[in-house]
Amino acid sequence: GQPLAPRRLSLKPVPKVPNMEAFLREALVKVKKQARGCLAPELCFQAVRAASERPFAEGVRRERELFQVLLTSGQARALQYAFFAERAVHRWATATGASWSSAAPQPVRKTAVIGLGTMGRGIVTCLVKANLPVVALEQDLEHLNKGKQAVMLLLEREAMKMEGVAQTLDFHNPARLQFTVDFDALRDVDLVIEAVFENMALKKEIFHKLSKICKPGAFLCTNTSALNIDEIASATSRPQQVIGTHFFSPAHVMRLLEIIYGRHTSPTTIATTMQLAKALKKVGVVVGNCFGFVGNRMMFPYVQQAVFLLEEGSRPEAVDRVLEDFGFKIGPFRMSDLAGLDVGWRSRKDQGLTGPSLPAGTAARQRLGQRYSPLPDLLCEQGRFGQKTGQGWYQYEGAGGRTATPDPWLHSFLCQYRDTHGIRTRFIDQEEILDRCLFALINEGFAILAEGIASGPEHLD
């Protein structure tokens, strides 16, 4: 029977909190850093600020205004598109007419991973987290022990994150996770993922071995990022069960899984791999076989434009800043340093674009009639491979360091390079950096669609 007015929180004055202004200032810096290029988190911050400074009714009114801004923004439309695109890619189709509606997956009860480098470790972690028994195989005991230590460390971290959740990681049980150097341990697995480094001869040797040892129904997957799936499959007696599963680094974090079918890959193999992606809580995207597939093929011209910008007068930190402010989580040069510059260098040497197999007298900045920049090759020749060596496009606090700082050595190296090749530097504005990098991505995307490598624009996006 008492009046409600004194009990209504919305009618009470907003309490004055000490140091509110300093707290809000710090919070805004944090939000801006974490959500570069994204409107919504900043506007959420403004709504909280209004709630802390104004009477309730005014705060609510301000929140509604901010919400209207977001509701009609291009970013909201883009996020809605991305949401539906992620669901659309479950409905896959191939150029040969196979599709999700008619193909049924086989059950996968036991798995194996070959190679415990950076990628293999992440893939083992994914499989264990999805509650799938795993056999992890390495070439010798030294590599096996090193890989085992790293995998255990990753799993310990994942287990800590999952504390308090009903599911626990049972990774100390050898029936769930077995480390071995013996190929015979793969006799009864349903699916193998090969994750050794990018060398065709090595991959073919492994697949030849697998097709002799694995049971007839086992699926053979390769975590290649660019090599030809059909050539790898040609080393086996079961090309219909060979498929590409390209994880992105770090494999236990990144949600994308590029699934590449070859000329002979069966619809059942594709359906089983898509089912595996779902079990690993990843977004599986089915694409065709070409050099670099979709992810890396689009990355080549994008990074190439970024390097051309350096030739013409820009700096790595300037290019990265523009693309990160636009909304990319990481710019092309920080990304290259993270992935390791030696990976691309090895691939370019295999293609004969640089190194000993390059014909004498080849122009320094021309390959196959196209513009080419030898800058990344020159850095690798200096032993600058990125974070792993403590120096790449940036310098780091030491080998394996994470904090990128602009490198004066690189700035003077770029000046010398431009002098050597008679390149006149000019000021390059933000708009040109964005246009050149983004249009390189977009144009390559259209070429991929035109060739039928991807079945729809959502698969690319």
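**View 1. E312, a buried residue with two arginine partners.** In this predicted model, E312 is buried, its relative accessible area being 13%. R426 reaches E312 in a salt bridge, with N and O 2.8 Å apart. That pairing spans 114 residues, from the loop between α15 and α16 (R426) to helix α10 (E312). R426 itself is partly exposed, at 37% relative accessibility. R371 also forms a salt bridge with E312, and here the closest N and O atoms are 3.0 Å apart. This second pair brings strand β10 (R371) to helix α10 (E312), across 59 residues.

**View 2. R371 and its bridge to E311.** Here R371 meets the side chain of E311 in a salt bridge of 3.0 Å, N to O. The two lie 60 residues apart, with R371 in strand β10 (residues 370-371) and E311 in helix α10. E311 is buried, at 0% relative accessible area, whereas R371 is partly exposed, at 32%.

**View 3. Helix α10 crossing helix α15.** Follow the axes of α10 (residues 295-312) and α15 (residues 408-420): they come within 9 Å and cross at roughly 80 degrees. The two helices are therefore roughly perpendicular. Where do they meet? Look for L310, E311 and E312 of α10 against L414, Y417 and R418 of α15.

View 4. F439, I442 and F446 make a nonpolar surface patch of about 320 Å². F439 belongs to helix α16 (residues 430-450) and is partly exposed, with 46% relative accessible area.

Notes. Residues are numbered from 1 along each chain as its sequence is written. This is a predicted model: local features need pLDDT of at least 70, side-chain atom pairs count only at pLDDT 80 or more; totals for chains, interfaces and linings use all residues. Side-chain values use heavy atoms; hydrogens and water are left out. Patches are made of residues with over 30% relative accessible area and no salt bridge: like charges are joined within 9 Å, nonpolar side chains (Val, Leu, Ile, Met, Phe, Trp, Tyr) within 5 Å. Accessible areas come from the Shrake-Rupley method with a 1.4 Å probe; for residues, only the protein chains shown count as cover. A salt bridge is a side-chain nitrogen of Lys or Arg within 4 Å of a carboxyl oxygen of Asp or Glu. Helices (H or I, at least four residues) and strands (E, at least two) are DSSP runs, numbered from the N terminus. Buried means under 20% relative accessible area, exposed over 50%, partly exposed in between (1.4 Å probe, protein chains only). Axes are lines fitted to C-alpha atoms, for helices over the stretch in contact, and angles run from 0 to 180 degrees between N-to-C directions. Angles under 35 degrees count as roughly parallel, over 145 as roughly antiparallel, 65 to 115 as roughly perpendicular and the rest as oblique. Contact means heavy atoms within 4.5 Å.
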